[in-house]
Amino acid sequence: MTHQLKDGGQVMQVGMLARVEGEGGMHIEFKDGHVESVQLNIFEPPRFYEGFLRGRKFTEPPDITARICGICPVAYQSASTEAMETICGVATTPEIQLMRRLLYCGEWIESHALHIFMLHAPDFLGYESVLEMAKDHAEVVQMALRLKKAGNDLMTAVGGRAIHPVNVKVGGFYRMPTVAELQRLRPALEQGRDDALAAVALVATFDFPDMEQDYNYVALRHPDWYPLERGTEVVATSGARFPVTEIADHVKEFHVAHSNALHASFDGKPYFVGPLARYSLNFDQLSPTTQEAALKAGLGETCRNPFKSIIVRTVELAYAFEEALRIVDAWRDGHAPSVPVAPVAGEGIGASEAPRGLIWHRYRIDADGVIEDAQIVPPTSQNQASIEADLRKAAEQWIDLDDHMLTHRCEEAIRNYDPCISCATHFLDLRVKRS
Amino acid sequence: MTGGRVLVVGLGSPDRGDDAVGAAVAERLGALAMDDVDVVTREDPTQLVQLWAGHDAALVIDAVASGNPPGRLHIREVGDAGEPLPTHAFTAAGRGGSHAFGLAGAVELARTLGTLPTHVTVVGVEAKSFDFGPMSPEVEANIDAAVATAAAELIALREEVQSCA
């Protein structure tokens, strides 16, 4: 793990990170008792999605981009449908928006339940993996499986499949679920809400490393509710606030040699997207129950300790169950599943709040609806600079720990982000020079 | 309620090349309409932990990546008294990835939580590719053999639970 360098420095390296999605590692160099450099290495190969979207029809991105990730396909479907509808000047109905939100609740439930209990909780309870944790905490793991199943069932009822839903299209859905189908989910959703609220109190009892960072949080904002499937504005701790359609003017992507995923800056600086950002910028939009649970768990209205993201994720899990119940109970049969969308030449942006944070897509299409350009900016790539800043701070702060403990602490600092490396490496940066 | 019945699960993503083989074999077994056999397909291995609860016997068909020639069949008994699955071959495959934890993880989690059936047989089909698209010709060509093998294992499992019942 720790190697001595010729110049007296030391290297701490983890070749393959555990309990994250995709393939990445970290590399930290120390010199004279200080951190010299940190790198989050993403070596999962690029996947060329933006390249092969060009030339495809404007109706295809919801199905194509959903395949970028098996954990957060709905995030891609929501951002791409919104972008296309914006370009074509089409507004869907309130019912279609509600159904998109319900589908998104299913994704948050699946993803958050997996990360909180199966991937992240072992860090706090002192286990190498959920398999060892299950021996001593069977009831927690059983609850996690129950929660995840409720999410899977919701995704299946609305999206047609638990993974990579097939019911989403530009303009809405192919088919709306019926009241009867949704009501069948109700007992599991109620149980899930109660379990998740109890879990907020449970995870709040974990020991949290003492570390705070001065992040620039960036998240969507919606006048009526906590942001999931869409927002009207992008807001930031820095005070920046602008319509979603202007995000490409503020975010710039760039390549660094040690990562196969593009880094990004917001108004020229590193920034942070994800549950901590959403929560800190939208606390007032949570329900009274989830606000109360959060405050009881010792969170303030903002949270700057990345290790406490597990509490925030659990608050969001409870909120997703509440929202799902609210939508299921209000649902009536007979709404049109979609509105027609005819192609209009132009460029547009769609954004949503993936479980791991803000994701946005930008497309340009021609008058026949053929995609001329595509840009997909997922949360994990935007967070790479913040992850590295946390690694640097953690390595400095706990430099006196032994190698094993320090490595573990740094891995935890990465898992705080629930990084999705497969998503981050979807991009294309291929240059061909001919002479 | 489930005593004397065998649960068959075809595991894997239908879109990811040879990862589709689990569901393809399971569907063929389902078409045989055997008595006392329930057949389902799943993409997410974590669901197995709950799905298995209350069953005495289960058969799982999944794609495997162990470096053997594509199409090669593997049979493992992983029930109560069985050994854990080799982690890499059954975890790295397709949907398993490193985020979810694959069939090997599901078996061990179910063992710990007490939902692992007494008899679980895994029929693995060596995969060539987990890329998007259809199954490889090598795996496709071995589906009949995989179905025959899985059917034989299924009959053995059913006899096992029904003789105990």
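Helices here are DSSP runs of H or I with at least four residues, strands are E runs of at least two, and both are numbered from the N terminus. On that basis, chain A comes to 16 helices and 14 strands.

A quick word on the source: this is a predicted model, where local features need pLDDT of at least 70 and side-chain atom pairs count only at pLDDT 80 or more, while totals for chains, interfaces and linings use all residues. Residues are numbered from 1 along each chain as its sequence is written, and chains are lettered from A and ligands numbered from 1 in the order in which they are written.

Some whole-chain values for chain A:

| Property | Value |
|---|---|
| Span of the C-alpha trace along the principal axes | about 70 × 65 × 40 Å |
| Buried share (20 or more other C-beta atoms within 10 Å, placed from the backbone) of the 435 residues | 51% |

Now for the contact between the chains, with residues in contact if their C-beta atoms, placed from the backbone, lie within 7 Å. Chain A puts in 19 residues and chain B 17 residues. On the chain A side, helix H5 (130–136) and helix H6 (138–159) are the elements giving two or more residues. H6(A) has the largest share, with seven residues.

Finally, zoom in on A:Val251, which sits in strand E10 (residues 251–254) of chain A. Leaving aside neighbours within four places in sequence, A:Val251 is in contact with A:Ala264, A:Phe266 and A:Val377. The C-alpha atoms of A:Val251 and A:Ser265 are 5.5 Å from each other, though the two residues are 14 residues apart along the chain.

Technical notes:
Two residues are in contact if their C-beta atoms, placed from the backbone, lie within 7 Å. A residue is buried if 20 or more other C-beta atoms lie within 10 Å of its own, exposed if 12 or fewer, and partly exposed in between; C-beta atoms are placed from the backbone.
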